[in-house]
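Here are a few notes to read alongside the model. Keep the 3D view open and find each spot as you go.

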Amino acid sequence: KAETYGMFVEGSVSLPKERSDVERFEAALQTARQTGASVSRIAIGGRRYEQFSSIEQFKEFAARTWKSLQLAAPVASRQRMRLAIENHKDWRIDQMFDMLNRLGSEYVGVCVDMGNSFALLEDPMEVAKAYAPVGFSAHLKDMAIAEYEQGFLLADVPLGRGVLDLPKMVETLRKANPDIRFSLEMSTRDALKVSCLTDKYWATFADVPGSDLARTLRYVRANASTQPLPKVSHLPLDELVRLEEDNIKLCLDFARKHLNL
């Protein structure tokens, strides 16, 4: 049915936590494959700087993730299903590649989210370049930014209205993998607070150089939105749904006209 609309299907699965969970995971991949999917996306963590308050907590999370990936990789190979780990405001580039290289599986790569890693003080274009060779899937979005007293605000906005160089990012990912597919991720919500000037934020970033913070804040100041960033949580549900639909239509129109999607 998807093919008749010129659409595609991708899976969205959670990793097995224990060996006893492998059967459930394999059944999920089988279901995804039967629907025509060849890629299943995985989001492992949340916003690292909000979720953890110490490096010990993050190390425990990393150890659990590694155990899950070791359980999942052989299943993905057996089912011939590529797993795409999203850079979900949790893993910086070096940490993501450390996991992928140790795993050494052709069936485990990245779902390249175009905006998330900015919250981890990484340059979005450098993120796209780094992940392009292992990019199995991509989340297409645009972001607007502004300063606030504890760091900066990061807001999802319709494509073309933010600071991301989307044509170049799409070109970079496509050049490395012509078959990569892009899924629109337009979140109509209040701007997120990235509190990079607080002690809690840095609890798990002891090895991140101050130059990354300086570069990010310079970029925010140079490209701060001249319009108020989205604040929509107070809206009635029906109005919020209408706004979401309008935003999605704007995104689809931009993608057709400027991104050849």
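This is a predicted model: local features need pLDDT of at least 70, side-chain atom pairs count only at pLDDT 80 or more; totals for chains, interfaces and linings use all residues.

1. The crossing of H3 past H4 is right-handed. On the H3 side, look for Phe-58, Thr-65, Trp-66, Leu-69, Gln-70 and Ala-73; in H4 they meet Gln-95, Met-99, Arg-102 and Leu-103. Sort that contact by class and you get six nonpolar, three polar and one charged residues.

2. Now zoom in on Gln-95, which is part of helix H4 (residues 93-103). Is Gln-95 buried or exposed? Gln-95 has a relative accessibility of 17%, and the cut-off for buried is under 20%, so Gln-95 counts as buried. What does the side chain of Gln-95 pair with? There is a polar contact of 2.8 Å to the side chain of Arg-48. Leaving out neighbours within four places in sequence, Gln-95 touches Arg-48, Phe-58 and Asp-90. You have already met Phe-58, as one of the H3 residues in the contact with H4.

3. H3 has another partner to look at. Helix H1 (residues 22-34) and helix H3 (residues 55-79) have axes that come within 10 Å and cross at roughly 35°. Their crossing is right-handed. From H1, the residues involved are Val-22, Phe-25, Glu-26, Leu-29, Gln-30 and Arg-33; they meet Leu-71, Ala-72, Val-75, Ala-76, Arg-78 and Gln-79 in H3. By class, the H1 and H3 contact has seven nonpolar, two polar and three charged residues.

4. Arg-80 is not a glycine, yet its phi is positive, at about 55°. Find Arg-80 in the loop between H3 and strand E3 (82-86). With a relative accessible area of 61%, Arg-80 is exposed. Lys-89 also has a positive phi, near 60°, in a residue other than glycine. Lys-89 sits in the loop between E3 and H4. Is Lys-89 buried or exposed? Its relative accessible area is 6%, so Lys-89 is buried.

5. Move on to helix H6 (residues 166-176). Which residues of H6 are buried? They are Leu-166, Met-169, Val-170, Thr-172 and Leu-173. These residues span an arc of only 160° around the axis, so they fall on the same side of H6. Turn to the other side of H6 and you find Glu-171 and Lys-175, both exposed. What covers the buried residues of H6? The cover includes strands E4 (108-113), E5 (135-140), E6 (142-148) and E8 (181-184), along with helices H5 (124-131) and H8 (237-258).

6. Last stop: Asp-156, in strand E7 (residues 151-157). At 5% relative accessibility, Asp-156 counts as buried. A polar contact of 3.3 Å links its side chain to that of Arg-189. Which residues is Asp-156 in contact with, leaving aside neighbours within four places in sequence? Look for Lys-141, Asp-142 and Met-143, then Glu-185, Met-186, Ser-187 and Arg-189, plus Pro-230.

Notes
Residues are numbered from 1 along each chain as its sequence is written. Side-chain values use heavy atoms; hydrogens and water are left out. Helices (H or I, at least four residues) and strands (E, at least two) are DSSP runs, numbered from the N terminus. Buried means under 20% relative accessible area, exposed over 50%, partly exposed in between (1.4 Å probe, protein chains only). A polar contact is a pair of N or O atoms within 3.5 Å; within protein, one must be able to donate a hydrogen and the other to accept it, and residues adjacent in sequence count only if both atoms are side-chain atoms. Contact means heavy atoms within 4.5 Å. The arc is that of the directions from the helix axis to the C-beta atoms. Axes are lines fitted to C-alpha atoms, for helices over the stretch in contact, and angles run from 0 to 180 degrees between N-to-C directions. A crossing is left-handed if the near helix is turned anticlockwise from the far one by less than a right angle, and right-handed if clockwise. Ala, Val, Leu, Ile, Met, Phe, Trp, Tyr, Cys and Pro count as nonpolar, Asp, Glu, Lys and Arg as charged, and the others, Gly among them, as polar.
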